[in-house]
Amino acid sequence: MEPGAGSCIKVRLLLSALKPAYYVPVDISGDFLFKAASELQSEFPTIPVHPICDDMQNTVSLPQDMEAIPKLIFYPGSTIGNYEPDKALSFLKHVRSTIGENGGLLIGVDLQKDIEILHQAYNDASGITAAFNLNCLSNINSLIGANFTVSAFRHIAFYNEERCRIEMHLESKEDQSVDLAGEQVTIERGERILTEYSYKYTLDSFARLAAKAELAPPSTMGR
């Protein structure tokens, strides 16, 4: 099972290696999910693909013939770092409830590292992360008819050592007023909009968090 499966790209190597009884991608974007699942089914005709359109935080209802099979949750990409610690714990508890006693979790977690490496990653010279961050405003404009001027903001990203997380902000370059869902919102020069957290863990700190959800790492966990 892969919550937030999206395009199902990362799972391909795993399917080739494990050859599971079923693959269950879960995503809230139905049309995109079903198209990706159909393409994947063509690529892996011997592995039944059962897409479920739902919020990955919800309890997923599986067909009866799947219930007795041990479940492996595949959650790559270090997305759990975008959750505040209490929300991350809630997600892990949800995983524990889903997999039961005989299941497992294969998860990607971004580890703590030299601050300069983190700085270069989130303030890359090619501006990819900045464009990703600024695109939040373009999406708000298109989704709810706001009128953010994207060029009036700059990308800000830094590592908060106390909380072990990257913080991404959009900082206003000028005093401005934005029409946001029919309400005029004043934003002062230098004021920031917080857009993302990305928590960084050590193997030990993540193992402690997982233990609170009654998930135990394998004894062979590499260090």
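This is a predicted model: local features need pLDDT of at least 70, side-chain atom pairs count only at pLDDT 80 or more; totals for chains, interfaces and linings use all residues.
**Stop 1**

Start by selecting strand 1 (2-3), strand 2 (residues 25-27) and strand 3 (52-53). These belong to an open sheet of three strands, ordered 1-2-3 and paired in parallel. Strand 1 and strand 3 are its edge strands, each pairing on one side only.

Next, keep strand 2 and strand 3 in view. They run parallel and are joined by two bridges. To look at the pairing residue by residue, select Asp27; its bridge partner in strand 3 is Cys53.

**Stop 2: His169**

Move on to residues 165-172, which form strand 7, and pick out His169 within that strand. Is His169 buried or exposed? His169 counts as buried because its relative accessibility is 11%, and the cut-off for buried is under 20%.

Now show the surroundings of His169. Leaving aside residues up to four places away in sequence, His169 touches Asn133, Arg154, His155, Ile156, Phe158, Arg192, Ile193, Leu194 and Thr195. Selecting these residues together with His169 displays that set of contacts.

**Stop 3: the hairpin**

Finally, select strand 8 (residues 176-180) and strand 9 (residues 183-187). This pair is antiparallel, with five bridges between the strands. At Gln176, look across to strand 9: the residue opposite is Ile187.

Then go to the turn. Which residue of this hairpin takes a positive phi? Ala181 does, with a value near 55°, and the hairpin has two residues between its strands.

Key: Residues are numbered from 1 along each chain as its sequence is written. Side-chain values use heavy atoms; hydrogens and water are left out. Helices (H or I, at least four residues) and strands (E, at least two) are DSSP runs, numbered from the N terminus. Buried means under 20% relative accessible area, exposed over 50%, partly exposed in between (1.4 Å probe, protein chains only). Contact means heavy atoms within 4.5 Å. Two strands pair if DSSP finds at least two bridges between them.
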